[in-house]
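Colleague: Thanks for sitting down with me. Could you take me through the model and the terms you use for it?

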Amino acid sequence: MTPRTRFSDLSRRDPERLLHLEPADLPPLPLDTTAPSRPFPVTRPIADTVAYALDDTRALALPNPKTREEEDELVRAFLSGMEKLFSRENNWTFLQPLVLSMEHCAHCQTCSEACHVFESSGHAELYRPTFRSEIFRRLYFEYVKGGGLVSAWQHGSVDLDWPLVARLAELAYRCNLCRRCAQTCPMGVDNGLIAHEIRKVFSQEMGIAPGELHAAGSMLQLKAGSSTGMIPAAVKDNVQFIDEEMTEKTGTTIETPWDVEGADILLIHNAGEILAWPENPGAFGVILNAAGVSWTMSSEIAGYDAVNYGLWYDDAQMARVALLHVQAARKLKVKKIVVGECGHAHKALLVTADRLLAGDMRITRESFLTVLRDIVMSGRLKFDPDRNDFPVTLHDPCNMVRLMGIVEPQREILRRVCPRFREMHPHGVDNYCCGGGSGFAIMSGSGFRDWRSQVSGRKKLQQILDAFSDCLDPSIHKYVCAPCSNCKGQIRDMLAYHDLWKRHGILYGGLVELVVNAMEDVDPGFIEWEWR
Amino acid sequence: MATIELNGRTYTVDENGFLQEPEIWNDDVARDFATTEGITDMTDEHWVLVRYLRDYYLKYGIAPMVRKLCKETGFRLAQVYDLFPSGPANGACKVAGLPKPTGCV
């Protein structure tokens, strides 16, 4: 590992990255060490493609100013955006917790050991959750609060220049926004929120955001209807294909209802499920039909894709997409919106949108977890839990569990249908992020996939392997239940990266698939033990 | 945008190595991009998948569901991975000259 990073290093102008990790720097995984392991970090010379490199990867395509004047212009834009963050008119979402997080850090570092990125990097100072927060805090006291000698003495200072601003932008994308640090802070300081607010400055004021989240993400969703690029005709075509597959597979006729006015429930999936994991929306259809629920899907723009990437980096984009979701529900006059297996959509539409929706826009919104729990426990469906006679462990998506406190419904379901369910440790609200949170799961360029498979996801991988330590034999099929598309994608990528399906028989999937796999009234074998 | 030189030809690619000008795609381009995936010999099986992806993309503007790809070409997903080690989205789509799939897939 490179030497301990200092704040002043962020202003360095030499081509060396500030942090370079070697495999020996990372905590060992409980894996068979005779199997070949993936080299890390990538050998691609990041420093050749980025002016002021941070570490072994990069999330952003930053501007490359040629003169000091151009640099100063960018720094001024950053400061202007930063000032706006601290005004009520411009930050109607998070001003109060942001100010509290700026003013009340006691520098006790209790949060640091709670951070999976910091721990999994072998305690690299650059990734300490307070490192980026403290830079931002010093800029806040100097430039937003007016600074001065006493302030500099009391709060410390940093040299503000373009290399520092550029590296701070990247550093805002080395935090999963899981907020485990905020949970442990005795003062309630939220480093995850600070990383989020830094991202907002760059996107809202300077137009800088990862391409996967903005241009090919929220912008595509607003235009086509889905960040996958699926237009309404494409999604209906695909769901029809899924219906046919489900009918064939379960032996019961499945027909997804579209645009049914007055239905009790508008179900909105993460549309990525439809393309990549069709058995998930398919299983929803099987359960809702069998339980006799009045439900519908919507073919309005964004009415069929619950994702809201703006949540991770831009409040305006978040608001635009959330309004489309609510409009789709109002048009159909449904009683409520139910969000499928997507954690960040839970946060965006069920929690943060409360800051946005007024009056009759405040339609009832609910998690699929409570709806599913009520169906499973109601006795309306018959189960044969022996069909799920394999080890299952549960990943807790941060946005549903730590943020919203939905802990028991999914466990009641699993205890009912999975006789060999075992917990990871720690779990529930003390869970660890999958490592893909805040958009990382869909970011892969410039070594980002290596970074999230080796560093940000390492703690979760360790938990999964520990949960199955008594049955690692590849002939025993095992199931990681991850009821969130983003988490599921990250876990898929990590299992593939470390070849754990072949080496240890570990597969992954959602929660509804386990429910359908145990339903007596459908043909057995819903879950297929094949890599996907 | 970066450029990449393959077998003496220069292509504009995104940072994941996906072709940025889908309209210039042809069989030679496919062979060139196959080398970036560690595929030295494009077999008939590779071509079946590539042609299916290509046709679907020209019709719908996106990549098909993986499930649909498998069902309509008759390949199991494990076979797709054997042929394109980075998988259908990151491997086969790249060789077929599709843009990198977007969203939570």
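Modeller: The contact takes 29 residues from chain A and 17 from chain B; two residues are in contact if their C-beta atoms, placed from the backbone, lie within 7 Å. This is a predicted model, where local features need pLDDT of at least 70 and side-chain atom pairs count only at pLDDT 80 or more, while totals for chains, interfaces and linings use all residues. Residues are numbered from 1 along each chain as its sequence is written, and chains are lettered from A and ligands numbered from 1 in the order in which they are written.

Colleague: What makes helix H20 of chain A largely enclosed by the rest of the structure?

Modeller: A residue is buried if 20 or more other C-beta atoms lie within 10 Å of its own. Eight of the nine residues of H20(A), residues 448–456, are buried, so the helix is largely enclosed. Among them are A:Phe448, A:Trp451 and A:Val455. Helices here are DSSP runs (H or I, at least four residues), numbered from the N terminus.

Colleague: What covers the buried residues of H20(A)?

Modeller: The cover includes helix H4 (116–120), helix H21 (458–467) and H22 of chain A. Across chain A, buried residues make up 54% of the 532.

How values were computed. Buried ≥ 20, exposed ≤ 12 C-beta atoms within 10 Å, placed from the backbone. Helix = DSSP H or I, 4+ residues; strand = E, 2+ residues; numbered from the N terminus.
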